[in-house]
Amino acid sequence: ESQRLHRQGLHRLVQTLGNLMTQQLEIRGMKATQLFDDPKYAKLYAMGETSVKDCMVWIEYALEQYMDQVMGESKDRSVSDRIKNYIKNNLENDVSREEIASFLGFNPDYLDRTFKRTEGLSITKYQLMQRLNRAEQLLKETDLSISNIAVNVGFRNMSHFSKVFKQIYGNSPESYRKKKG
């Protein structure tokens with residue numbers, strides 16, 4: 001009878017810890033399947049209900065995998081934040097992802113994948129949106145000429161700036177300023 005209670009307690013402990021890790025991953029917007037689809041995890045999970053020693057082995061493995069996943073996400077977030085900061089500080093320059101990668105000391109493809117995974121868009125698209133958002137702000141808040149605004153946000157070709165601005169905001173920069181002014 002005590003052996004049965006012992007197994008029920010271990011079963012509840014294993015289930016509870018598994019559920020807590022799942023909830024925490026979901027709160028962070030991460031998929032628990034990455035953690036639980038591991039064959040080693042599944043084997044240790046099942047064994048964790050048989051003895052205290054096996055339960056401790058499962059707990060150690062599960063927490064290690066959980067922390068690796070959480071820390072990996074934190075590392076990606078840190079890299080993305082550094083990219084966003086670099087873009088913000090160099091908005092007036094038309095910097096390439098290769099230049100950003102070189103400055104940060106990473107491979108450009110790795111940076112783009114990491115950024116896309118954490119931010120949902122490419123570095124190039126993010127940079128363009130930041131430049132256009134700044135242009136919009138300058139159109140609303142200053143009397144700078146359209147060509148000065150284009151240069152201030154990293155566009156060297158006025159017609160390209162007008163074309164891209166119109167694609168995003170539905171109006172040319174001139175029309176946009178008149179409507180918002």
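**Aromatic rings, salt bridges and a helix pair**

Eleven aromatic pairs turn up in a search of the whole structure; rings of Phe, Tyr and Trp (its six-membered ring) pair if their centres lie within 6.5 Å. This is a predicted model, in which local features need pLDDT of at least 70, side-chain atom pairs count only at pLDDT 80 or more, and totals for chains, interfaces and linings use all residues. Residues are numbered from 1 along each chain as its sequence is written, and side-chain values use heavy atoms, with hydrogens and water left out.

One aromatic cluster is formed by Phe 155, Phe 161, Phe 165, Tyr 169 and Tyr 176. Over the ring of Phe 155 sits the charged end of Arg 131, 4.3 Å from the ring centre. A charge counts as sitting over a ring if NZ of Lys or CZ of Arg is within 6 Å of the ring centre and within 35 degrees of the ring normal.

Seven salt bridges are found in the whole structure, each a side-chain nitrogen of Lys or Arg within 4 Å of a carboxyl oxygen of Asp or Glu. Lys 84 forms a salt bridge with Asp 81, and their closest N and O atoms are 4.0 Å apart. Because Lys 84 and Asp 81 are three residues apart in helix H4 (residues 52-89), about one helical turn separates them. Helices are DSSP runs (H or I, at least four residues), numbered from the N terminus.

Helix H5 (residues 97-104) packs against helix H6 (residues 108-119) at an angle of about 100°, with axes 9 Å apart. Axes are lines fitted to C-alpha atoms over the stretch in contact, and angles run from 0 to 180 degrees between N-to-C directions. H5 and H6 are therefore roughly perpendicular, a term for angles of 65 to 115 degrees.

Technical notes: Helix = DSSP H or I, 4+ residues; strand = E, 2+ residues; numbered from the N terminus. Parallel < 35°, antiparallel > 145°, perpendicular 65-115°, else oblique. Phe/Tyr/Trp six-rings, centres within 6.5 Å; stacked < 30°, edge-to-face > 60°.
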